[in-house]
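The plan is to go through it piece by piece and jot down what I find.

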Amino acid sequence: MNIWELSEKAEYIADKHQRLLTQWQQYCNTLIQGITLSKARLHHAVGCNPDDSLRFFLFDHFIINVRLAEGFNSHTIEYYVEKRSGEDRVLIAKAMLDDEGRIDNSISNRDRENVLDHYLEKIRPVYESLYSAVNSDTPVSMGQLQQSAQA
């Protein structure tokens, strides 16, 4: 392989990587808008994070962390719940983001309503576990949240 062939491949890689990052940023923007503009009372507060992930504070006790999975060219969106102290991070769901901005091969990352609905479906087990615990006056453990997410 000569320098020009290598250069072409490097340019292709850089372009594809930039397209993925652009689609990720669009997804983040759309999700934040969906949550902040929703009239539904989700008890989410948008948090700042210095890396490339989203953080939402849930009932001022939990953090919902949404990020691209580690690894170059990862197209997997991961959804975690953790304590506000940053302890006990639990993976609750995954989704796929393609180069065209589709989430799970069907939802446009520009469609605020559908992006929000998709996100809420991914984190639904957290709300269900919290509701069940509050309804029965029992404490919530991170293990319970993980079990309900895997069910």
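Predicted model: local features only at pLDDT ≥ 70, side-chain atom pairs only at ≥ 80, totals over all residues.

**Entry 1**

I started with one side chain: that of glutamine 23 reaches the backbone oxygen of aspartate 99 at 3.4 Å. Where does glutamine 23 sit? I found it in helix H1, which covers residues 3–37. I then looked up who else is around. Leaving aside neighbours within four places in sequence, glutamine 23 is in contact with Leu97, Asp98, Asp99, Glu100, Gly101 and Asn109. Is glutamine 23 buried or exposed? Its relative accessibility is 15%, so I put it down as buried, since the cut-off for that is under 20%.

**Entry 2: stepping back**

Next I wanted the whole picture. How many helices and strands does the protein have? I noted 3 helices and 7 strands. Read from the N terminus, the order is α-β-β-β-β-β-β-β-α-α. I also took down the box filled by the C-alpha atoms, roughly 70 × 30 × 30 Å along the principal axes. The protein has 151 residues, and 40% of them count as buried. For contacts between residues at least 6 apart in sequence, I wrote down that 41% join residues at least 24 apart.

**Entry 3: the rings**

I looked at another pair, tyrosine 79 and tyrosine 119. Why is this pair called tilted? The ring centres are 6.3 Å apart and the planes stand at 45°, so the pair gets that label. Tyrosine 79 lies in strand S4 (residues 76–83) and tyrosine 119 in helix H2 (residues 112–135), so the pair ties together parts that are 40 residues apart in sequence. Tyrosine 79 counts as buried, at 0% relative accessibility. I got 0% for tyrosine 119 too, so that one goes down as buried. Which residues do ring pairs link into a cluster? They are Phe56, Tyr79 and Tyr119.

**Entry 4: the largest pocket**

The largest pocket has a volume of about 230 Å³. It is lined by 14 residues, and those nearest its centre are Asp52, Arg67, Leu68, Ala69 and Glu70. Which elements give two or more residues to this lining? I noted H1 and strand S3 (62–68). H1 supplies the largest share, 4 residues. Sorted by class, I have 5 nonpolar, 5 polar and 4 charged residues in the lining.

**Entry 5: an asparagine in S3**

With a relative accessible area of 5%, asparagine 65 is buried. I also looked up how far its C-alpha atom is from that of glutamate 82, and the separation is 7.8 Å. Along the chain, asparagine 65 and glutamate 82 are 17 residues apart.

Methods: Residues numbered from 1 in each chain as written. Heavy atoms only, no water. Buried < 20%, exposed > 50% of the residue type's maximum accessible area, 1.4 Å probe, protein only. Polar contact = N/O pair within 3.5 Å; in protein donor to acceptor, adjacent residues only side chain to side chain. Contact = heavy atoms within 4.5 Å. 1 Å grid on protein atoms, 1.4 Å probe; cavity = no way out; pocket = protein on both sides within 12 Å on 5 of 7 lines; lining within 4 Å. Points joined across faces, edges and corners; volume = space filled by probe spheres on them. Nonpolar A, V, L, I, M, F, W, Y, C, P; charged D, E, K, R; others polar. Phe/Tyr/Trp six-rings, centres within 6.5 Å; stacked < 30°, edge-to-face > 60°.
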